Amino acid sequence: MAKVTSQEGLMALQKGLWASMIHQVVQNGLRLGSYPYFKDFYESLNGGESAFYVNVISGSSAGLVGAISSNPLMMVKTRLQSSTSLKPSASAGGSLAVGFQHHYNGVFDGLRQIVAEGGVKGLWFGVKPAMYRTVVGSGTQLSTYDAVKDFASTQLNIPDTDVRVHIIASGVASCAVVIGMNPLDVILTRSYNNGSQHIKAKSTSVPGIMKEIVAVEGVQGLYKGSLALWSRLAPHFICTFILLEQLRNLRPSIWSV
């Protein structure tokens, strides 16, 4: 953060903000909104009983819907945040440029340029690692949150509607998601930062790319940016689930109107 601010100014920390906000609305709106329906469906296949693996499958299915629907926005967001106007000689510390530089003038200009270069199908460039990432992240997040919420409520002997339970469950879920999703985050970012939709990497499969990263950078290469990811996810999860739980409490009165 200090390097970005010193070289590009404080506002550079907000690059891709609008793309990120729209992406979150689309992806998490669909993901969190469809989760209860998937859960009801899979529970019906399980004899009407809930189980941890049912929550995992339900969360993963909801994540798949969210990932496919929001991929164009995720790609534009990643490229906007990775772009810099500085030249390599801009500072003694070197350039902040990451991967190929895509110079978009906002969300819709980015979408327009992607379509112009690769057609409509170009909007789903990198969708495979995005699907892996969100399926793993969503399945881990939602199942862990539900499991920890039930456990914390039982052990602390307080209602599962208590905000303290939501905070504990959200915090644990954020740690679990970082462990499971960060390697896929690294792969996805590198995929989106390719110079062209037509560039072929040495390996195009997620396991293959992961193997290449480990061979060159070691296992720690898969966890680059993990602290930054947790710093973003922990408050994000806490705010999201507290709000979601309040909306769940309001749902009976809303549907009865």
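**Figure 1. Lining of the second largest pocket in the predicted model.** In this predicted model, the residues that line the second largest pocket divide into 12 nonpolar, 8 polar and 7 charged. The lining is made of 27 residues, and those nearest the centre of the pocket are L32, P36, L244, R248 and R251. The space in the second largest pocket comes to about 810 Å³. Helix 2, helix 3 (52–82), helix 5 and helix 8 are the elements that give two or more residues to this lining. Helix 2 supplies the largest share, with 10 residues.

**Figure 2. The chain as a whole.** This view sets the elements in order. The protein chain holds 8 helices and 0 strands. Read from the N terminus, its elements follow the order α-α-α-α-α-α-α-α. The chain has 257 residues, and buried residues make up 43% of them. Of the contacts between residues at least 6 apart in sequence, 75% join residues at least 24 apart.

**Figure 3. The largest nonpolar core.** In soluble globular proteins, nonpolar side chains tend to be buried together. The largest nonpolar core of this model has 16 residues, and L233, F237 and F241 touch the most other members. Two or more residues of this core come from each of helix 2 (17–45), helix 5 (127–156), helix 6 (163–192) and helix 8 (226–255). Another core, of 15 residues, lies apart from it, and M74, L80, A130 and L188 are among its members.

Figure 4. Which helix holds L233? L233 has its place in helix 8. Its relative accessibility is 4%, so L233 counts as buried, the limit for which is under 20%. Neighbours within four places in sequence aside, L233 is in contact with S174, V177, V178 and M181. One of these, V177, is 56 residues away from L233 in sequence, while the C-alpha atoms of the two are 8.5 Å apart in space.

**Figure 5. S174 in helix 6.** S174 is a residue of helix 6. Is S174 buried or exposed? S174 is buried, because its relative accessible area is 0%. Residues within four places in sequence are again left aside, and S174 is then in contact with W230, L233, A234 and F237. S174 and P235 stand 61 residues apart in sequence, and from C-alpha to C-alpha they are 8.8 Å apart in space.

**Figure 6. Stacked rings of F38 and Y42.** How many aromatic pairs does a search of the whole structure find? The search finds 4 aromatic pairs. One of them is F38 and Y42, whose ring centres are 6.3 Å apart and whose planes lie at 15°, so this pair is stacked. Both residues belong to helix 2, where F38 and Y42 are 4 residues apart, about one turn of the helix. F38 has a relative accessibility of 23% and therefore counts as partly exposed. Y42 is also partly exposed, because its relative accessible area is 21%. Ring pairs join F38 and Y42 with F41 in a cluster.

**Figure 7. Edge-to-face rings of F237 and F241.** The rings of F237 and F241 form an edge-to-face aromatic pair, with 6.3 Å from centre to centre and 85° between the planes. Helix 8 holds both F237 and F241, 4 residues apart, about one turn of the helix. F237 and F241 are both buried. Where sequence neighbours up to four places away are not counted, F237 touches Q141, S170, A173, S174 and V177.

Methods:
Residues are numbered from 1 along each chain as its sequence is written. This is a predicted model: local features need pLDDT of at least 70, side-chain atom pairs count only at pLDDT 80 or more; totals for chains, interfaces and linings use all residues. Side-chain values use heavy atoms; hydrogens and water are left out. A nonpolar core is a set of buried Ala, Val, Leu, Ile, Met, Phe, Trp, Tyr and Cys residues joined through side-chain atoms within 4.5 Å. Buried means under 20% relative accessible area, exposed over 50%, partly exposed in between (1.4 Å probe, protein chains only). Contact means heavy atoms within 4.5 Å. On a 1 Å grid over the protein atoms alone, a cavity is a set of points where a 1.4 Å probe fits but cannot get out, and a pocket is an open set with protein on both sides within 12 Å along at least five of seven lines; lining residues have an atom within 4 Å of a point. Grid points are joined across faces, edges and corners, and a volume is the space filled by probe spheres set on the points. Ala, Val, Leu, Ile, Met, Phe, Trp, Tyr, Cys and Pro count as nonpolar, Asp, Glu, Lys and Arg as charged, and the others, Gly among them, as polar. Rings of Phe, Tyr and Trp (its six-membered ring) pair if their centres lie within 6.5 Å; planes under 30 degrees apart count as stacked, over 60 as edge-to-face and the rest as tilted.
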